[in-house]
Amino acid sequence: MATINAQRDDNKSLFSIPYGLYLVTSSLKGKLNGLIVNTVTQITNTPNRVAVTINKANYSHRIIKETGILNVNCLTTETPFSIFKNFGFQSGVDKDKFEGISYSLSENGLPVLNDYVNTFISLKVTDYVDFDTHGMFICEITDSGIINDKETVTYGYYQKNIKPKPEEKKSKGYVCKICGYVYEGEELPEDFICPWCKHPASDFEKR
Ligand code: FE
């Protein structure tokens, strides 16, 4: 029996699983919030059930745990980097991420962007699975609609065509492979967490 000729690397192997990128919106006490995730998955179809997994370090996790509702905005390939930056690389705790953003509200009172979205899905949480660092919200659909037929952006498309290329600087440091954040320093602490995307030190590479 022949052995498989392959380079063993669990982290790299996982990059071969494609994902879409989604803006998940929520609201607490009248304040709107949103974050970018790649972890939206349909898990069953009779009934339709969707899982959305969110890092507990994100404010949105706390809001959705408390309110039990969220909107998934399926982003298109036309989404500019500024949208990813606004919703993905800063916290909504002390910032209004919807300031200057054009949006409408769906029936559950949560925002749907007026641009860069091809489909919205309003969800109600029915179950919650605690994964230590992350929480998985199992949801039923309360409303949904197709806005246009533009293509949903995949994580691969984002990496190739939307994320700015790292500057060809000779300075020392480590760059986050996920979002492009640069840590400037000789040594990257082992327990370092990316301030933008919350990924661990293992997702950084020396530049
Ligand atoms: Fe990052």
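## Ground rules

The model is predicted, so local features need pLDDT of at least 70 and side-chain atom pairs count only at pLDDT 80 or more, while totals for chains, interfaces and linings use all residues. Residues are numbered from 1 along each chain as its sequence is written, and side-chain values use heavy atoms, with hydrogens and water left out.

Helices (H or I, at least four residues) and strands (E, at least two) are DSSP runs, numbered from the N terminus. Two strands pair if DSSP finds at least two bridges between them.

Start with β1, residues 22-28. Seven of its seven residues are buried. Buried means under 20% relative accessible area; exposed means over 50%, and partly exposed lies in between (1.4 Å probe, protein chains only). Both faces of β1 are covered. Tyr22, Val24, Ser26 and Leu28 sit on one side, with Leu23, Thr25 and Ser27 on the other.

Seven bridges join β1 to β2, residues 31-37. In that pairing, Ser27 has Leu32 as its bridge partner. β1 and β2 form a hairpin with two residues between them. Lys29, in the turn, has a positive phi of about 50°. Four bridges join β1 to β5, residues 69-75.

## A three-strand sheet

An open sheet runs in the order β11-β10-β12, with antiparallel pairing. Its edge strands are β11 (182-183) and β12 (204-206), and each pairs on one side only. β10 covers residues 174-176 and is joined to β12 by three bridges. Val175 stands opposite Glu205 in β12.

## A buried charge

Asp203 lies in the loop between β11 and β12. Asp203 is buried, yet it has no salt bridge. A salt bridge is a side-chain nitrogen of Lys or Arg within 4 Å of a carboxyl oxygen of Asp or Glu. Which side chain of opposite charge is nearest to Asp203? It is Lys177, 5.1 Å away. For charge, Lys and Arg count as positive and Asp and Glu as negative; His and the chain ends are not counted.

Contact means heavy atoms within 4.5 Å. Leaving aside neighbours within four places in sequence, Asp203 is in contact with Val175, Cys176, Lys177 and Ile178.

## Cysteines

A disulfide is a pair of cysteine sulfur atoms within 2.5 Å. The count comes to zero. Cys176 is buried at 1% relative accessibility. Cys194 is buried too, with a relative accessible area of 1%.

## Salt bridges

The whole structure holds four salt bridges. One of them joins Lys56 and Asp130, at 2.7 Å from N to O. Lys56 is in the loop between β4 (48-55) and α2 (59-67), and Asp130 is in β8 (residues 117-131), 74 residues apart. Lys56 is partly exposed at 30%, and Asp130 is partly exposed at 48%.

Another links Lys150 and Glu78, whose closest N and O atoms are 3.4 Å apart. This pair also connects distant parts of the chain, 72 residues apart. Lys150 sits in the loop between β9 (134-146) and α4 (155-162), Glu78 in the loop between β5 and α3 (81-88).

Glu186 and Lys172 also meet in a salt bridge, at 3.8 Å from N to O. Glu186 lies in the loop between β11 and β12 and Lys172 in the loop between α4 and β10, so the pair ties together parts 14 residues apart in sequence. Glu186 and Lys172 are both exposed.
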